[in-house]
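Subject: Structure handover

Hi there,

Here is the structure I promised to pass on to you. Have a look at it first, and then read on for what I found in it.

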Amino acid sequence: MTVASRLTSRSDSDDEPVERTETVSEPADDRSVADTALFRLGRVLFGGVLAFNAIDNLRNLEERIGYAEFKGAPEPDRTVPAASVGLLLGGLGVVLWKLPAAAALGIAGFLAGTTPVMHDFWNQDDPEEKQQEQIQFLKNTALFGAALAFARVARRSK
């Protein structure tokens, strides 16, 4: 399959527009995007970083629970470990491409649930703290978008 883009330019010999078509190669019909090296690299980076963060959360559980309590998260003694394990499983699922749609949607759910609670920049008075929370909120929003994209690719590559 190819993606064609049309470029109109003037030829050297006359003033009439000439239509040219350039093609950009995509994977062959029998090879999905999910099978490409670039996509695999993206999966490893995306899922690996999230799995690493989840492991870090589990290693520093008391600190993470305390921060979640400070932020007003509901039942942090239960939700922080559960969310961290879910994030770990989601990250590994994307890296290994095992149950990838469920893994990616699990990551999206984690981000949708935690981001507005833990990175509520709109509630911060200190400008530096507000900026840091906004950066984290926007980063998580981008990760949420990537998780949705991975879920879509996973559903197409069944």
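Aspartate 56 counts as partly exposed, because its relative accessibility is 27%, and the partly exposed range lies between under 20% for buried and over 50% for exposed. Please keep in mind as you read that this is a predicted model. The partner of aspartate 56 is arginine 64: the two form a salt bridge in which the closest N and O atoms are 2.5 Å apart. Arginine 64 is partly exposed as well, with a relative accessible area of 21%.

Arginine 64 has another partner in glutamate 63, and their side chains meet in a salt bridge of 3.2 Å from N to O. Glutamate 63, at 55% relative accessibility, counts as exposed. Taken together, Asp56, Glu63 and Arg64 are linked in a network of salt bridges. As a reminder, side chains of opposite charge can pair when their charged atoms come close.

Arginine 78 counts as exposed, at 62% relative accessibility.

Now for the overall layout. The protein has five helices and two strands, and from the N terminus on its elements run β-β-α-α-α-α-α. Of the 158 residues in the protein, buried residues make up 29%.

On to how some of the helices pack. Two packed helices are described by the angle between their axes and the distance between the axes. Helix α2 (residues 61-71) packs with helix α3 (residues 76-96) at an angle of about 120 degrees, and their axes are 9 Å apart. That angle makes α2 oblique to α3, and the crossing of these two helices is right-handed.

How do α3 and helix α4 (residues 100-118) cross? Their axes come within 8 Å, at an angle of roughly 140 degrees. Angles over 145 degrees would count as roughly antiparallel, so α3 and α4 are oblique to each other. Here α3 passes α4 in a left-handed crossing.

The loop between α3 and α4 deserves a look of its own. Most residues other than glycine have a negative phi. Tryptophan 97, which is found in this loop, has a positive phi, near 60 degrees. Leucine 99 also has its place in the loop between α3 and α4, and its phi is positive too, near 45 degrees.

Leucine 99, in contrast, is exposed, with a relative accessible area of 70%.

Last comes a feature of the surface. Leu38, Leu41 and Leu45 form a nonpolar patch there, and together they have about 330 Å² of accessible area. Leucine 38 has its place in helix α1 (residues 37-59). With 68% relative accessibility, leucine 38 counts as exposed.

That is what I have for you, and I would be glad to hear your thoughts.

Best wishes

Technical notes
Residues numbered from 1 in each chain as written. Predicted model: local features only at pLDDT ≥ 70, side-chain atom pairs only at ≥ 80, totals over all residues. Heavy atoms only, no water. Patch = residues over 30% accessible without salt bridge, like charges linked within 9 Å, V, L, I, M, F, W, Y side chains within 5 Å. Areas by Shrake-Rupley, 256 points an atom, 1.4 Å probe, with all protein chains shown as cover. Salt bridge = Lys/Arg side-chain N within 4 Å of Asp/Glu carboxyl O. Helix = DSSP H or I, 4+ residues; strand = E, 2+ residues; numbered from the N terminus. Buried < 20%, exposed > 50% of the residue type's maximum accessible area, 1.4 Å probe, protein only. Axes fitted to C-alpha atoms, helices over the stretch in contact; angles between N-to-C directions. Parallel < 35°, antiparallel > 145°, perpendicular 65-115°, else oblique. Left-handed = near helix turned anticlockwise from the far one by under 90°.
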